[in-house]
Amino acid sequence: MTGTATRSWWGWGTTDRALDDDECATLGALLPGLPDRPRAVPDLADVALPPSRVSAPTSLPVSTSPADRAAHTYGKAYRDVVRALAGDLSGAPDLVALPRGEADVADLLEWAGSAGVVVVPFGGGSSVVGGVEYRGDRPWLSMDLTALDRVLEVDPVSRAARIQGGALGPVLEEQLRPHGLTLRHFPQSFEFSTLGGWLATRAGGHYATLHTHIDDLVESLRVVTPAGVSESWRLPGSGAGPSPDRLFLGSEGTLGVITEAWMRLQDRPRWKASASVTFADVSAAFEAVRAIAQAGLHPANCRLLDPGEAALAGASAGESVLVLGVESAAHPVASRLAELTDLAREHGGVVAEAGGGTDAAADAWRSTFLRMPYVRDGMARMSAIVETFETACTWDRLAELYATVRDEVGAAVTAVTGAPGLLNCRLTHVYPDGAAPYFTVLAAGRPGSEVAMWDDVKAAASEVLGRLQATITHHHAVGRDHRPGYDRQRPEPFALALRATKGALDPAGILNPGVLLDAAPDHAL
């Protein structure tokens with residue numbers, strides 16, 4: 001639930017914001033080859049769920065209700081939405097656990113280990129990489145942590161807070177607001193994702209420079225593992241050996257359950273300003289963004305939309321658009337925004353004149369950004385393929401990566417669907433040494449074959465990224481969908497150490513098997 005709105009069991013967000021049938025049909029008419037009307041959303045009462053294969057002691061907080069099991073079957077990737085729309089809940093969890101505190105988490109892990117039941121931690125369920133489903137044969141339990149949602153302690157002197165891992169973004173920020181503080185981590189899934197989920201997936205937030213990942217905001221972690229509780233000291237920094245926090249950041253529920261974290265906070269911003277800049281040439285736009293990233297001005301937003309992405313957002317027609325934003329809690333920001341736009345002009349950019357104190361292109365992009373997951377679901381009902389993949393690379397390889405992906409993945413889209421489709425790109429995060437390109441694919445699918453078609457396109461994209469030594473994921477985690485690319489990216493000695501760590505902390509192999517590591521047939525590693 002979000003406020004009084006009902007969460008969708010099959011798609012993104014809340015049911016009141018989903019597109020209706022006519023809106024779906026209107027959007028579908030823009031892409032040749034789609035049906036005239038959308039497929040119906042299944043009535044959950046008519047969807048067959050497999051019988052639960054296991055029962056837990058009555059002392060444990062678990063549910064076997066169809067609504068809970070359906071809502072915890074998948075994450076929110078395109079392929080998840082398509083499978084749910086088809087009424088395929090064959091992989092539903094046998095149980096959904098609803099722990100009320102850390103003691104419940106420990107008790108659930110102890111029971112699951114003795115019973116041979118797989119445990120998949122579940123925060124907001126917004127995974128788009130197969131991170132919260134289980135694809136094996138063992139009985140499994142989805143552990144929903146959203147009842148652990150409190151800010152337990154605030155340290156205003158050090159500007160930090162101790163927060164439970166199940167706190168959804170809005171719940172967390174509402175509790176920090178009276179203190180004049182903010183975590184300042186706003187991924188697109190902010191409304192429907194949790195602190196523990198951000199930490200377990202090393203999530204990237206909305207802000208484009210400086211502290212872009214949740215890693216940068218961690219002071220210490222408390223993690224419940226089958227081998228015991230790990231709690232690191234609160235420190236601003238430490239050179240004492242490998243970091244225990246880094247062990248669990250990005251572990252995706254395979255090593256333990258993150259129940260609490262001390263997080264670094266910031267004062268809430270008082271001054272904000274934004275501007276948009278258009279570029280006739282995308283190469284010049286890349287150079288402008290690199291200059292900005294290397295200037296040390298740290299804009300909060302520095303998002304470059306290529307011509308296709310800008311047109312899709314209604315921000316431009318035929319030109320690339322750079323959306324810039326700055327903010328501060330300490331001083332006005334107009335002069336910093338002026339420095340940023342001056343740099344953009346030096347590289348051929350044309351700065352839009354704000355009308356009435358607002359920037360039309362920036363406003364159009366922001367509106368599209370927040371609405372896009374609902375549009376994705378509406379197009380999925382029309383059998384369109386609407387999905388994304390993202391990466392990061394150094395500046396010296398960006399132009400080649402952009403061109404190669406456009407050519408080769410674009411060719412794969414045509415080969416798979418029989419038509420060119422759309423392949424757009426935006427830079428979501430920028431660093432002094434590189435950028436994070438985020439690609440959107442939009443094409444006509446064949447009813448009943450959408451998942452297989454997308455998997456073929458995604459395989460082509462993953463092959464290109466691996467060949468160019470660009471990361472398989474910048475801020476969406478590994479899950480099950482990115483495993484082949486992750487196996488290729490990580491050094492083998494590190495994989496060896498990770499397997500040993502998994503065996504030590506989770507000897508029964510119950511925690512999220514198939515994510516990051518394979519479980520052996522006997523469930524040992």
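This is a predicted model: local features need pLDDT of at least 70, side-chain atom pairs count only at pLDDT 80 or more; totals for chains, interfaces and linings use all residues.
Let me begin with the lining of the second largest pocket, whose residues divide into 15 nonpolar, 15 polar and six charged, where Ala, Val, Leu, Ile, Met, Phe, Trp, Tyr, Cys and Pro count as nonpolar, Asp, Glu, Lys and Arg as charged, and the others, Gly among them, as polar. Residues are numbered from 1 along each chain as its sequence is written, and side-chain values use heavy atoms, with hydrogens and water left out.

Back to the pocket, then. A pocket here is an open set of points on a 1 Å grid over the protein atoms alone, where a 1.4 Å probe fits, with protein on both sides within 12 Å along at least five of seven lines, and lining residues have an atom within 4 Å of a point. The second largest pocket holds about 920 Å³ of space, a volume being the space filled by probe spheres set on the points, which are joined across faces, edges and corners. Its lining comprises 36 residues, and those that lie nearest its centre are Arg202, Thr471, Val478, Tyr486 and Gln489. Two or more lining residues come from each of helix H7 (244–248), helix H13 (450–467), helix H14 (483–489) and helix H15 (492–505), and H14 gives the most, with five residues. Helices (H or I, at least four residues) and strands (E, at least two) are DSSP runs, numbered from the N terminus.

Let me turn to strand S19. Which strands pair with S19 in the antiparallel sense, if two strands pair when DSSP finds at least two bridges between them? Strand S18 (residues 422–431) pairs with S19 over nine bridges, Leu423 stands opposite Val441, and S18 and S19 form a hairpin with two residues between them.

S19 itself, residues 434–444, is mostly covered, with 11 of its 11 residues buried, where buried means under 20% relative accessible area, exposed over 50%, and partly exposed in between (1.4 Å probe, protein chains only). Both faces are covered, with Tyr438 and Leu442 among the buried residues on one side and Phe439 and Val441 among those on the other.

Finally, the salt bridges, each a side-chain nitrogen of Lys or Arg within 4 Å of a carboxyl oxygen of Asp or Glu. A search of the whole structure finds 35 of these salt bridges. In one of them, Arg381 meets Asp21, with the closest N and O atoms 2.6 Å apart. Arg381 lies in helix H11 (residues 360–381) and Asp21 in helix H1 (residues 21–28), so the pair ties together parts that are 360 residues apart in sequence. Arg381 counts as buried at 7% relative accessibility, whereas Asp21 counts as partly exposed at 36%.

Glu463 forms a salt bridge with Arg467, at 2.9 Å between the closest N and O atoms, and these two residues are four apart in helix H13, which means that about one helical turn separates them. Glu463 is partly exposed, with a relative accessible area of 37%, and Arg467 counts as partly exposed at 38%. Elsewhere, salt bridges that share partners join Asp80, Arg83, Glu133, Arg135 and Asp481 into one network.

Conventions. Two strands pair if DSSP finds at least two bridges between them.
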